Amino acid sequence: MQGQKENECADDKVEKLRRHILPADETSMEQARAHWMTVGKPLFSLGKLEDAVIRMAGIKRSADYTLEKKALVILCADNGIVAEGVTQTGQEVTAIVAENFTKGAASTNIMAEVAGVDIFPVDIGMATDVPGLTVGEKKVAGGTKNFAKEPAMSRQEVWKAIEVGIGIVRELREKGYGVIATGEMGIGNTTTSSAVASVLLGKDPEEVTGKGAGLTSEGLKRKIRVIREAIRKHAPYAQDVPDVLSKVGGLDIAGMTGLFLGGALYHVPVVIDGFISAVAALCAVRMVPDAAGYVLPSHVSAEPAGAMILEALHLTPFLTCNMCLGEGSGAVAVMPLLEMGLQVYRKMGSFSDIQVEQYRILK
């Protein structure tokens with residue numbers, strides 16, 4: 001009876017999101033397309049950068065916009081599945097790296113400084129608290145359970161993490177942030193992401209699972225075996241995303257799902273990083289299809305399912321750098337490109353300004 005009530009509550013929350021999330025604004029996108037046609041350069045010559053400007057116009061419901069401040073949200077969480085030997089390091093590394101974010105000592109900090117992006121690390125589910133990072137109302141639990149033995153978390157925890165992500169977007173928008181990059185940190189989260197991807201894509205774990213931060217070939221076989229057995233044991237229902245997340249997911253994935261849904265609710269572009277955040281984007285879109293219009297890609301992860309997830313989202317990457325660091329590194333790397341495209345759109349003169357006959361689309 002309790003489980004039935006939880007399912008009904010979840011269904012109500014999904015329906016409420018679907019009612020409040022509207023498709024990206026087609027009129028604004030058409031106005032942005034029309035403006036690009038007047039910019040004094042060869043038509044369509046900035047390729048995907050032009051497409052991104054148009055897409056963001058639809059998200060912001062205006063063809064005249066700026067990105068203002070840029071944020072990277074890094075959701076940090078631990079995963080009980082590490083007990084199965086599916087990672088090279090122990091979960092204590094999660095807190096060590098997370099603390100480095102607060103000290104400006106991580107590689108993503110350096111990249112973000114160059115890109116003009118402010119970093120917001122969040123302890124949404126670490127096993128160890130980190131002073132200056134752990135905030136009670138944003139921490140859902142001290143990590144997930146070992147999903148080889150039992151479900152990773154409860155549906156209530158999934159929804160709390162989603163709502164934390166949505167709330168973060170609201171807070172950042174109120175502070176003037178015009179675009180948000182997604183990032184994560186959590187030992188074991190390529191295992192959780194591969195499990196969720198396997199279920200949502202309907203593919204065998206072997207097709208979607210990689211070595212993560214560095215497993216041996218034997219370690220990879222063990223990782224695949226653990227995921228396959230857990231899916232068989234818990235039977236997550238692919239049409240019910242909270243069910244999938246509760247059985248084989250992670251708190252960071254659930255929180256990032258909330259970031260993407262929050263972007264759609266509050267009309268803020270949210271940028272995918274790599275494989276793990278792409279899985280979260282797919283979760284958001286499977287829950288609320290209209291959320292798809294509010295998601296931007298960055299790069300394609302070197303993980304096996306990286307390209308598969310982007311294809312399922314009907315997105316193509318801006319960058320192909322063979323990156324697999326995570327932590328928001330790819331999403332941060334694409335921020336200067338988005339700004340460059342927008343500045344050309346906003347500042348470059350028209351054909352009449354430069355006294356050149358306007359280019360036409362030739363048959």
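These legends describe close-up views of a predicted model. Local features need pLDDT of at least 70, side-chain atom pairs count only at pLDDT 80 or more, and totals for chains, interfaces and linings use all residues. Residues are numbered from 1 along each chain as its sequence is written, and side-chain values use heavy atoms, with hydrogens and water left out.

View 1. Lys139 sits in the loop between strand 2 (117–125) and helix 6 (155–174). Helices (H or I, at least four residues) and strands (E, at least two) are DSSP runs, numbered from the N terminus. Lys139 counts as buried because its relative accessibility is 14%; buried means under 20% relative accessible area, exposed over 50%, partly exposed in between (1.4 Å probe, protein chains only). Its side chain makes polar contacts with the side chains of Asp123 (3.0 Å) and Asp129 (2.4 Å). A polar contact is a pair of N or O atoms within 3.5 Å; within protein, one must be able to donate a hydrogen and the other to accept it, and residues adjacent in sequence count only if both atoms are side-chain atoms. Asp123, Asp129 and Lys139 are linked in a network of salt bridges. A salt bridge is a side-chain nitrogen of Lys or Arg within 4 Å of a carboxyl oxygen of Asp or Glu.

**View 2. Salt bridge between Arg155 and Asp240.** The closest N and O atoms of this pair are 3.0 Å apart. Arg155 lies in helix 6 and Asp240 in the loop between helix 9 (217–234) and helix 10 (241–248), so the pair ties together parts 85 residues apart in sequence. Arg155 is buried, at 8% relative accessible area. Asp240 is buried too, at 18%.

**View 3. Salt bridge between Lys41 and Glu50.** The side chains meet at 2.5 Å, N to O. Lys41 is buried, with a relative accessible area of 9%. Glu50 is buried at 4%.

**View 4. Glu184, buried without a salt bridge.** Glu184 belongs to strand 3 (residues 177–185). Glu184 is buried, and the nearest side chain of opposite charge, Lys223, is 11 Å away. Lys and Arg count as positive and Asp and Glu as negative; His and the chain ends are not counted. The side chain of Glu184 does make a polar contact with that of Asn189 (2.8 Å).

**View 5. The largest nonpolar core.** This core has 76 residues. Leu261, Ile272 and Ile309 have the most contacts inside it. Helix 12 (residues 275–287) gives the largest share, eleven residues. A nonpolar core is a set of buried Ala, Val, Leu, Ile, Met, Phe, Trp, Tyr and Cys residues joined through side-chain atoms within 4.5 Å.
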